[in-house]
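Subject: Handover of a structure and notes on its contents

Dear colleague,

Please find below the structure that I am passing on to you. My notes follow it, and I would be grateful if you read them with the structure open.

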Amino acid sequence: MAFIRKGMVKERKLPEFEELSTPEDLIKLAESKGLDTDPINITELAQELGVTVRFEPLEDEVSGSLVKEKRSGAWVMKVNSLHHPHRQRFTIAHELAHRICHAANSDNFEDKTFFRNGDSNWMEAEANQFAAALLMPENSFVNYIDNVSSKVEDLASYFQVSSMAVRVRAKVLGYEGHNL
């Protein structure tokens with residue numbers, strides 16, 4: 001669950017995130033830094049954004065968390081090391097979405113626990129949609145379906161995400177029922 005503590009969120013984003021508000025912005029940043037973008041190297045992107053990623057065993061139903069450490073002032077993301085690597089990628093993208101969309105305005109944001117079924121509130125749903133678009137950009141997704149394969153398993157393997165993530169993204173992009 002995501003929480004914002006101690007007062008209202010400021011209207012203006014912090015300077016380092018003024019130009020970053022969409023998955024497309026993050027993909028452009030990754031390209032400018034020479035990172036792989038097809039599929040995107042999400043762990044290196046997190047590091048470029050100043051987020052420390054730690055892989056640790058967590059309770060099975062907990063995928064990850066994002067907090068700003070009080071002592072160091074660093075943003076730290078924990079990712080469940082017991083989960084499948086494709087799940088871990090989605091968790092990292094989800095937590096980056098919180099960093100860009102919800103924490104860019106505040107040093108008091110905490111996403112203490114991202115659960116597998118994290119659509120329990122609007123911030124979690126928004127972070128999931130952002131993560132899906134970052135990991136499976138529309139143009140790449142459609143191009144893969146049109147020119148390579150429309151099999152869910154092939155798409156999941158290529159984009160390094162779960163089959164469920166592929167199905168949800170296909171539905172959002174209007175490909176539900178197109179042999180997916």
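Helices (H or I, at least four residues) and strands (E, at least two) are taken here as DSSP runs and are numbered from the N terminus. On that basis, the chain has 7 helices and 5 strands. Please note that this is a predicted model.

Overall arrangement

Read from the N terminus, the elements follow the order β-α-α-β-β-β-α-β-α-α-α-α. The chain has 180 residues, and buried residues make up 46% of them. Among the contacts in the chain with a separation of 6 or more, 65% are between residues 24 or more positions apart.

The packing of α3 and α4

Two packed helices are described by the angle between their axes and the distance between the axes. For helix α3 (residues 85–102) and helix α4 (residues 122–135), the angle is about 115 degrees and the axes are 8 Å apart. The crossing of α3 past α4 is right-handed. On the α3 side, the residues that make the contact include Arg-89, Phe-90, Ala-93, His-94 and Ala-97. On the α4 side, Trp-122, Met-123, Phe-130, Ala-131 and Leu-135 are among them. Sorted by class, this contact of α3 with α4 comprises 13 nonpolar, 4 polar and 3 charged residues.

A polar atom of the Gln-88 side chain lies 3.1 Å from the backbone oxygen of Asn-80. Not counting residues up to four places away in sequence, Gln-88 touches Phe-55, Val-79, Asn-80, Ser-81, Leu-82 and His-83.

Of these partners, Phe-55 deserves a separate note. Phe-55 is placed in strand β2 (residues 51–56), and at 40% relative accessibility it counts as partly exposed. In sequence, Phe-55 and Gln-88 are 33 residues apart; in space, they are 8.8 Å apart, C-alpha to C-alpha. Besides Gln-88, the contacts of Phe-55 include Thr-43, Val-79, Ser-81 and Ile-92, with neighbours within four places in sequence left aside.

Helices α5 and α7

In α5 (138–147), the buried residues are Ser-140, Phe-141, Tyr-144 and Ile-145. Seen down the axis of α5, these buried residues fall within an arc of 130 degrees, so they line one face of the helix. The face of α5 turned away from that buried side carries the exposed residues Asn-139, Asp-146 and Asn-147. What do the buried residues of α5 pack against? They pack against α6 and α7.

For helix α7 (residues 163–172), the buried residues are Ala-165, Val-166, Arg-169 and Ala-170. Down the axis of α7, they fall within an arc of 135 degrees and therefore line one face of the helix. Met-164 and Lys-171 are the exposed residues on the face of α7 turned away from its buried side. The cover over the buried residues of α7 includes α3, α4, α5 and α6 (152–159). After α7 comes Gly-174, with a positive phi near 80 degrees.

Loops and backbone geometry

Ser-150 is in the loop between α5 and α6 and is partly exposed, with a relative accessible area of 23%. Ser-150 and Ala-170 are 20 residues apart in sequence and 10.0 Å apart in space, C-alpha to C-alpha.

Most residues other than glycine have a negative phi, and most peptide bonds are trans. Gln-160, a residue other than glycine, has a positive phi near 60 degrees. Gln-160 is in the loop between α6 and α7, and it counts as partly exposed because its relative accessibility is 30%. The peptide bond from Asp-38 to Pro-39 is cis, with omega near 0 degrees. Pro-39 is in the loop between α1 (23–32) and α2 (42–48).

With kind regards

Conventions
Residues numbered from 1 in each chain as written. Predicted model: local features only at pLDDT ≥ 70, side-chain atom pairs only at ≥ 80, totals over all residues. Heavy atoms only, no water. Axes fitted to C-alpha atoms, helices over the stretch in contact; angles between N-to-C directions. Left-handed = near helix turned anticlockwise from the far one by under 90°. Contact = heavy atoms within 4.5 Å. Nonpolar A, V, L, I, M, F, W, Y, C, P; charged D, E, K, R; others polar. Polar contact = N/O pair within 3.5 Å; in protein donor to acceptor, adjacent residues only side chain to side chain. Buried < 20%, exposed > 50% of the residue type's maximum accessible area, 1.4 Å probe, protein only. Arc of directions from axis to C-beta.
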